[in-house]
Amino acid sequence: MPDIKKVYNFMDDNFLVNSFKLLGVDLSDDQVNKFNRYYEMLVEKNKVMNLTTITDYKDVVVKHFVDSLSCVMLAPEFDITSQLKTGASVIDVGTGAGFPGIPLKIVFPEIRLTLLDSLNKRVEFLKDVCSELEFSDVTFIHGRAEDAAHDKKFRESFNFCVSRAVANLSTLSEYCLPFVMTHGYFLSYKSEKADQEIADSKKALAVLGGSIAVEKKFSLPDTDISRTLVLIKKDKGTPKTYPRKAGTPSKKPL
């Protein structure tokens, strides 16, 4: 892997390492190099296609990389770390530029990761990143969640579904829960103002076979950026009619 610090001399390994330490995550030198290489590829590709509005190195570290790993803060209510370390299958729905899936894979290389996005240009970028970072056990899906969730290869076959997508929780649950096996989990990364959204989602969750297991509010370490993690357990199978045809979950949430 090339020494990108010579080109991006504003990269600060200490800031990266210390930011993750505030989460209780200790990065190896190899993981630091992978995060920095990912950052370089992200900002370079962002010059020719819209991947993120956040490009400053420290902002990307906090608002994308650390935020993606904030799921470790579900402890002690839920120890996601130990489950990911055992090689859990994880699908990232609406992954975009690869968040949270790729940072999760860097920190937990044991996971079997699937990245799903509706835009092929983003999927091709993700393939390049995963190849450069020398990942194994990564699958890519170019398509809509409404369609992929009806594919027998993917339906109810994952331990975890994760998503940082901006859709409301009722809509996201219809996209995501069909991918999750019974007794698995859907983890939604939300902003601080999620109380009403969470309350409104309970009808949809009941229909889709899920229930809220943990709801955790916090601020990203050493910042005033508030977040809410919503961990939804898959209690029973999702009816075959869900998700509904493309566009319907967002236009007519359950």
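Colleague: Which residue in β2 does valine 93 stand opposite?

Modeller: In this predicted model, valine 93 stands opposite leucine 116, a residue of β2.

Colleague: How many bridges join β1 to β2, and are the strands parallel or antiparallel?

Modeller: Five bridges join them, and the two strands run parallel; β1 covers residues 89-93.

Colleague: Which helix packs on the sheet and touches β1?

Modeller: That is α8, which also touches β4, β5 and β7 (226-234). The direction of α8 makes about 145 degrees with that of β5.

Colleague: And what does α9 touch?

Modeller: Helix α9, residues 195-208, packs on the sheet as well, in contact with β5, β6 and β7. Relative to β6, the direction of α9 makes an angle of about 160 degrees.

Colleague: What is the strand order of the sheet?

Modeller: The sheet is open and has seven strands in the order β3-β2-β1-β4-β5-β7-β6, with mixed pairing.

Colleague: Why is one side of β3 and of β6 left without a neighbour?

Modeller: β3 (138-142) and β6 (210-219) are at the edges and have a single partner strand each, so one side of each lacks a neighbour in the sheet. On average, and with direction ignored, neighbouring strands of this sheet are turned by 15 degrees against each other.

Colleague: By class, what does the lining of the largest pocket have?

Modeller: There are 12 nonpolar, 11 polar and 10 charged residues in the lining of the largest pocket.

Colleague: How many cavities of 30 Å³ or more does the structure hold?

Modeller: One. The largest cavity contains about 30 Å³ of space.

Colleague: Which residues line the largest cavity?

Modeller: The lining consists of Cys71, Ile80, Leu84, Val90, Leu104, Phe160, Val162, Leu187 and Tyr189. By class, nine are nonpolar, with no polar and no charged residues. α4 (80-85), β4 (158-163) and β5 each contribute at least two residues to the lining of the largest cavity.

Colleague: Now the backbone. Where is the peptide bond to proline 100, and is it cis or trans?

Modeller: The bond from phenylalanine 99 to proline 100 is cis, with omega near 5 degrees. Proline 100 belongs to the loop between β1 and α5 (101-107). A cis peptide bond also joins tyrosine 242 and proline 243, where omega is about 0 degrees. Proline 243 lies in the loop between β7 and α10 (248-251).

Colleague: Is phi of glutamate 156 positive or negative?

Modeller: It is positive, near 50 degrees, in a residue other than glycine. Glutamate 156 is placed in the loop between α7 and β4. Most peptide bonds are trans, and most residues other than glycine have a negative phi.

Colleague: Finally, how many helices and strands does the chain have?

Modeller: The chain has 10 helices and seven strands. Its radius of gyration is 17 Å, close to the 18 Å given by the globule rule for 254 residues, so the chain is as compact as a globular protein of that length. Along the principal axes, the C-alpha atoms fill a box of roughly 55 × 35 × 35 Å.

Technical notes:
Residues are numbered from 1 along each chain as its sequence is written. This is a predicted model: local features need pLDDT of at least 70, side-chain atom pairs count only at pLDDT 80 or more; totals for chains, interfaces and linings use all residues. Side-chain values use heavy atoms; hydrogens and water are left out. Ala, Val, Leu, Ile, Met, Phe, Trp, Tyr, Cys and Pro count as nonpolar, Asp, Glu, Lys and Arg as charged, and the others, Gly among them, as polar. On a 1 Å grid over the protein atoms alone, a cavity is a set of points where a 1.4 Å probe fits but cannot get out, and a pocket is an open set with protein on both sides within 12 Å along at least five of seven lines; lining residues have an atom within 4 Å of a point. Grid points are joined across faces, edges and corners, and a volume is the space filled by probe spheres set on the points. Helices (H or I, at least four residues) and strands (E, at least two) are DSSP runs, numbered from the N terminus. Two strands pair if DSSP finds at least two bridges between them. Axes are lines fitted to C-alpha atoms, for helices over the stretch in contact, and angles run from 0 to 180 degrees between N-to-C directions. Contact means heavy atoms within 4.5 Å. The radius of gyration is taken over C-alpha atoms; the globule rule is 2.2 Å times the number of residues to the power 0.38.
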